[in-house]
Amino acid sequence: MSVWSSARTPQAAVADLVAHVDAALYGQMLAFFPPSMDAEALGREFAAAFPGLPVAGCSTAGEITPDGIAADTVVVLALPRCGFRVVTDVIPDVRALTVESGAATARRLRAALERLCGERPDAAGHRFGLILIDGMSYREETCVSAVAMALDGIPIVGGSAGDGLSFGTTAQLHNGAAFRNAAVLMLVETDHPVEVFRNDNFSPTDRKLVVTRCDPERRIVHELNAEPAAQAYAAAVGVGTGDLNPMRFASHPVVVRIGGNYYCRSIQRVNPDDSLSFFCAIDDGVVLTVARPRDLVSSAEAELSRLDQALGGLDLVIGFDCVLRRLDAARRRIRPRVEELYRRHNVTGFFTYGEQFGGMHLNQTFSGVAIGRPRTH
């Protein structure tokens, strides 16, 4: 079940949701909310209104509701008690995370799922993990790789929590408590067939930019091709540095080649010293290729149609869509087409500062988990 509220206060928003959610029928809620919402107060309101019903979630850079793309909206996904078994945990400070501690959390959670569900021969097509990580922590790569390694084949997907377009502070929710610099982890087994996916819409060009000086810890590139980074990038895409903004970055992504495939390394912003801040890990010597977008709607439609056929119809898609794709859709005036597509395929989720898929942290993708209709035998 997916419901949403445009109320501006935590108390009013949760009051709207209570009218539509019978807590006795559901075993887990996912909540995606705008950064303008007081996360601590929202957590308290959820705990008071839905006692005994766990809630996990995060702040966003925009929401995907059953009615379309939104901002300043609290959207909730409620997973039924019947047909879903769910366990959750929180990593309270991903800045202090090590590979060992992240893996240990994932192993504990997997063991909890095994105790809850027992042995299931066909579990492979009926389990998935979700991870919601602070998108300003700069720790997504370490966190998701450690967790994925320890899940022993359970596919994981997720999104980096957002702060609108402010790039300041994000929030995570877990069972009535609000966190900063945290990651919320959820493992699900369901009677429904499921598949995690990722989809992008870009093609590489022959224009190359080599990172010649950067600050990997803060994901800041100071020089590309031995020139100030913003100037080199602007020249490569044929604009002036004064024209660089999130919409321009969305229209001219840069990608890296890993194992024969290209993955986005999206630019977040231009800094006053003409350096560039990135959403993803970056390092000296990395070769960036300027890419050109392909049609966003037809690319996503092909993937959702494939999933619909593979799973015998889609009950729900929990989607994590990059904020730069939202900006690109607005600039190209295709937002109504995106909304119609997402409504048709029952997509609910949020716009992110990055996406997680398997053990990787990605940018400028549409990722998620598709949940099909239960199969009768």
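How many nonpolar, polar and charged residues does the lining of the largest cavity have? By class, there are 5 nonpolar, 2 polar and 2 charged residues, where Ala, Val, Leu, Ile, Met, Phe, Trp, Tyr, Cys and Pro count as nonpolar, Asp, Glu, Lys and Arg as charged, and the others, Gly among them, as polar. The model is predicted, with local features requiring pLDDT of at least 70, side-chain atom pairs pLDDT 80 or more, and totals for chains, interfaces and linings using all residues. Numbering starts from 1 along each chain as its sequence is written, and side-chain values use heavy atoms, without hydrogens and water.

On a 1 Å grid over the protein atoms alone, a cavity is a set of points where a 1.4 Å probe fits but cannot get out, a pocket is an open set with protein on both sides within 12 Å along at least five of seven lines, and lining residues have an atom within 4 Å of a point. Points are joined across faces, edges and corners, and a volume is the space filled by probe spheres set on them.

**First selection.** Select Asn201, Phe202, Ala250, Pro253, Pro293, Leu296, Arg325, Asp328 and Gln364, which line the largest cavity. Its volume is about 40 Å³.

**Second selection.** Next, select Ile69, Leu296, Asp321, Arg325, Arg326, Ala329, Val338 and Phe351 around the second largest cavity, whose volume is about 40 Å³. This lining has 5 nonpolar, no polar and 3 charged residues.

**Third selection.** Finally, turn to the largest pocket, with about 210 Å³ of space. Its lining includes Tyr138, Arg139, Glu217 and Asp283, and by class holds 4 nonpolar, 2 polar and 6 charged residues.
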